[in-house]
Amino acid sequence: MVVGICVGETSLSEVTFISDKMPKVGEYVTIEYDGKKVLGMIENLIRGNDALNVDINDFKAIQKISKIGVEDNYIRGKVKILGDVNDNLKLPRTPVLPGTEIHLADKDILEEIFKVKNPIKLGSLVNQSDVDVNVDANPILSRHLAILAMTGAGKSNTVSVLIDQLLSYNVPVFVFDMHGEYKDAEFPNGSVNVIKPKINPHYMSFYEIKKLVNIGKNSYIQERHFRRAFKQAKKMLSDGVAHTNNFLQIIYDILDKDSEVEGSDKQIVDVMNKIDDSMDKYSNLFDNNIGNILTGIKKAHANVLDLSQVDESVASVLVSHILRNSLKRSKDAAHSGNKKELLDNSVFFILEEAHILAPNKRDSDSKKWIQRVAREGRKFGLGLCLVSQSPKTVDHDALSQMNNMIILRLVEPEDQRHVQSASESLSQDLINQLPSLNVGEAIVLGLMTKVPTLVKIDMFKGRRHGDDMDIVSHFIESVENDEEELRKAEEKLADMGFDY
């Protein structure tokens, strides 16, 4: 089927065409010239009419022309060149000859394009629902992924589909679940392993605990007192003589005894005050009776850390602790030369609400370690997926390390600019399509796919708790229940002989 004819000046990256029929943005086309069969994607379309020029300001004149039935409508579009179908999608070295016909791409060509080694089926083409869109799992796991969308665009469904597909390869997925969406989920390809948001202080470093108490870099005397009490508290844990699960309370009590000694340093009291300020915030973080969180990760499971009941400061501590220890464990395995151990330690981390855990304009411990894993994780088998409905507030450095993106509907220009600046393969024409995407439709691009793609994401076939609440039905049902209870009470009173 002929879509149009190339016109004007052409380049190695794009061509302009005119057509007498309306194609669709996102459709794939082929252009044959110089012995090549080049694949392209329609990224831009304009429909116009010279007779109804915008320079005509007379409404009645335009009304008369439109009633006559003008025949000089035109359709102009732009095709982004993706590569030679017969040469592994290498970009051609010569531009298209003007006047060359552009054809709609055949189904068998598209199916070949989306045939990958380790397929993850995301959905089907928006403009051709009989063509499945498969992306390669390995580039996702090793080169990271961002899933970005405005609220209600289908982000949680996309994450669920991705998790389920990864579970079919027995990949250990670790979800930092900020809203408790996945703790009771059911995945057709695997099970959920819920992990409590607790840390055994035995596995925490001095630096981590010091940060909780907010002892500054230059507070040398306070740090010395705190380090001594920290070591003593660790020994009490090892000896099994700790009197409480609150590690900070143990340190506080040690310092409290020291402060009673005559002539003790008054800075001990300053440290105690700082610990006291931190205890309310972090009192529920510690559990001396659990193991290392990382040893509880199960393969072929969605390992869900339920953060729905903790505040942002505790969530930040947990994220930084887990990512720091995971990176250290993987580095140790790599440096020992034990490839099997390195692969066994591989984890794919999914961070919901990435704009909270890795904010763009303020520092946090979680942001620091997210950046570290984003930069170094691929060398050590650690994958990262940042999920957010507010892309503009996600740290730019971390986002720019995501070599794959699934972008659903985005309307805010600032969100669009932030995402485009973090992705070299996201063209302005594709950015312009983001506000017009329907729920569940996405632009997919990056190393996981050979070509940028407009995808209708599959509906998740399992169960989760991320859907919008049906508030209206709830209140209708509750009122009906109240009326039923009132009717029963009235009948019971009538049977007892009461007249009311």
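The model is a predicted one, so to speak with conditions attached: local features need pLDDT of at least 70, side-chain atom pairs count only at pLDDT 80 or more, and totals for chains, interfaces and linings use all residues. Residues are numbered from 1 along each chain as its sequence is written, and side-chain values use heavy atoms, with hydrogens and water left out.

On to overall shape. The radius of gyration of the protein chain is 30 Å, whereas a compact globule of 500 residues would have one near 23 Å (taken over C-alpha atoms, with the globule rule being 2.2 Å times the number of residues to the power 0.38). Along the principal axes, the C-alpha atoms fill a box of roughly 100 × 85 × 50 Å. Of the 500 residues, 47% are buried (under 20% relative accessible area; exposed is over 50%, and partly exposed lies in between, with a 1.4 Å probe and protein chains only). Among contacts with a separation of 6 or more, 72% involve residues 24 or more positions apart, a contact being heavy atoms within 4.5 Å.

The secondary structure amounts to 16 helices and 17 strands, which are DSSP runs numbered from the N terminus (helices are H or I, at least four residues; strands are E, at least two). Strand E1 (residues 2-7) has partners on record here in E6 and E2. With strand E6 (residues 101-104) it runs antiparallel through three bridges, and Ile-5 sits opposite Glu-101. With strand E2 (residues 14-19), E1 again runs antiparallel, joined by three bridges, and Cys-6 faces Phe-17; pairing requires at least two DSSP bridges between the strands. Six residues separate E1 and E2 in their hairpin, where Gly-8 adopts a positive phi near 65°.

Positive phi also turns up away from glycine. Leu-89, not a glycine, has a phi of about 60° and belongs to the loop between strand E5 (73-84) and E6. Asn-170, not a glycine either, shows about 65° in the loop between helix H4 (155-167) and strand E10 (173-177). Buried or partly exposed: which applies to Leu-89, and which to Asn-170? Leu-89 counts as buried at 16% relative accessibility, while Asn-170, at 48%, counts as partly exposed.
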